[in-house]
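Please look over the model below before reading on. My notes follow as numbered points.

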Amino acid sequence: MNIVDILLLVIKSEPGEELRGRTLLQKKIYFLSVLLKENFGFSAHYYGPYSSFVAEHLDGLVNYGVIKEFTESFTATSVEQNAFGEIRRHTYSLTADAEEMWDATQQKLEFQEWNEALQAINEQKISNDFNRLSIAAKVHYIVSWEGESTVEEVKQVAEEYGWDLEEDDIENILFFLEALSLVPYTPHF
């Protein structure tokens, strides 16, 4: 499937068919790409693995009226409560113009495989928590790209990337990576 199909799938699969947050969208597609061994150009970024390829296609679909984008601004108080200090959140849903594209996406041979992988991600408790999913993506990125395997080593490499990960954060998301078979089951890697 191509990135347009995947964007439609990820948004359509959300409760209420509405995805809340660019970070959440990026991380779900990151994990999909890992599970299905697809390269969408993810690289280290402030919020964890990020793909400008994904972002450009998302913006294109918004500009063409296929995906609706709603922007919500946060107050100063809510920004302080937000783990990344974001001042706004973007919410995405499919427009009526996307329905024909969605029907074609579902007919593709690879659809079932991608849909099952996304369901495996969405079945996990952290799948709708952009902060925890971002932590999971950062840990996975370090383990898979850097080859680090202990919590302490992951924390050290995270600092080199400018990512603030605490040992508790790392240990608390291991179940997610284990459930997706992205790290072996061990108490501390």
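**Notes on the predicted model**

1. Basis. This is a predicted model, in which local features need pLDDT of at least 70, side-chain atom pairs count only at pLDDT 80 or more, and totals for chains, interfaces and linings use all residues. Residues are numbered from 1 along each chain as its sequence is written, and side-chain values use heavy atoms, with hydrogens and water left out.

2. Arg20 and its surroundings. Arg20 touches Glu72, Arg89, His90 and Thr91, not counting residues up to four places away in sequence. Contact here means heavy atoms within 4.5 Å. Arg20 is found in strand 1, residues 18-20. Helices (H or I, at least four residues) and strands (E, at least two) are DSSP runs, numbered from the N terminus. Arg20 counts as partly exposed because its relative accessibility is 39%. The cut-offs are under 20% relative accessible area for buried and over 50% for exposed, with partly exposed in between (1.4 Å probe, protein chains only). The C-alpha atoms of Arg20 and Glu69 are separated by 9.7 Å, and these residues are 49 apart along the chain.

3. The 3 strands form an open sheet in the order 1-3-2, with antiparallel pairing. Strand 1 and strand 2 stand at the edges with a single partner strand each, so one side of each lacks a neighbour in the sheet. From one strand to the next, the twist averages 20°. Two strands pair if DSSP finds at least two bridges between them. Strand 2 and strand 3 run antiparallel and are joined by 7 bridges. Among the partners, Ile67 has Leu94 in strand 3. Helix 1 packs on this sheet and touches strand 1, strand 2 and strand 3. The direction of helix 1 makes about 100° with that of strand 3. Axes are lines fitted to C-alpha atoms, for helices over the stretch in contact, and angles run from 0 to 180 degrees between N-to-C directions.

4. The side chains of Glu72 and Arg89 meet in a salt bridge at 2.8 Å, N to O. This pair links distant parts of the chain: Glu72 is in strand 2 (residues 67-73) and Arg89 in strand 3 (residues 88-94), 17 residues apart. A salt bridge is a side-chain nitrogen of Lys or Arg within 4 Å of a carboxyl oxygen of Asp or Glu. Glu72 counts as partly exposed, at 27% relative accessibility. Both Glu72 and Arg89 are also in contact with Arg20.

5. Other salt bridges. How many salt bridges does the structure hold? The count is 8. One of them joins Lys28 and Glu14 at 2.5 Å, N to O. Lys28 sits in helix 2 (residues 22-35), while Glu14 is in the loop between helix 1 (3-12) and strand 1, 14 residues apart. Lys28 and Glu14 are both buried. Lys12 and Glu17 meet at 3.2 Å, N to O. Lys12 is buried at 16% relative accessible area, whereas Glu17 is partly exposed at 39%. Lys12, Glu17 and Glu99 are linked in a network of salt bridges.

6. The core. The largest nonpolar core has 55 residues, and Ile29 and Phe31 have the most contacts inside it. Such a core is a set of buried Ala, Val, Leu, Ile, Met, Phe, Trp, Tyr and Cys residues joined through side-chain atoms within 4.5 Å. Leaving aside neighbours within four places in sequence, Phe31 is in contact with residues including Ile121, Leu133, His140 and Leu182. Phe31 also belongs to one aromatic cluster with Tyr30, Phe42 and Phe176.

7. His140. Is His140 buried or exposed? His140 counts as buried because its relative accessibility is 5%. Its place is in helix 7, residues 130-146. Beyond four places in sequence, His140 touches Tyr30, Phe31, Val34, Trp145, Leu177 and Leu182.

8. Aromatic pairs. There are 11 aromatic pairs in the structure. Among them, Trp102 and Phe111 are edge-to-face, at 5.7 Å centre to centre and 75° between the planes. Rings of Phe, Tyr and Trp (its six-membered ring) pair if their centres lie within 6.5 Å; planes under 30 degrees apart count as stacked, over 60 as edge-to-face and the rest as tilted. Trp102 and Phe111 are both buried.
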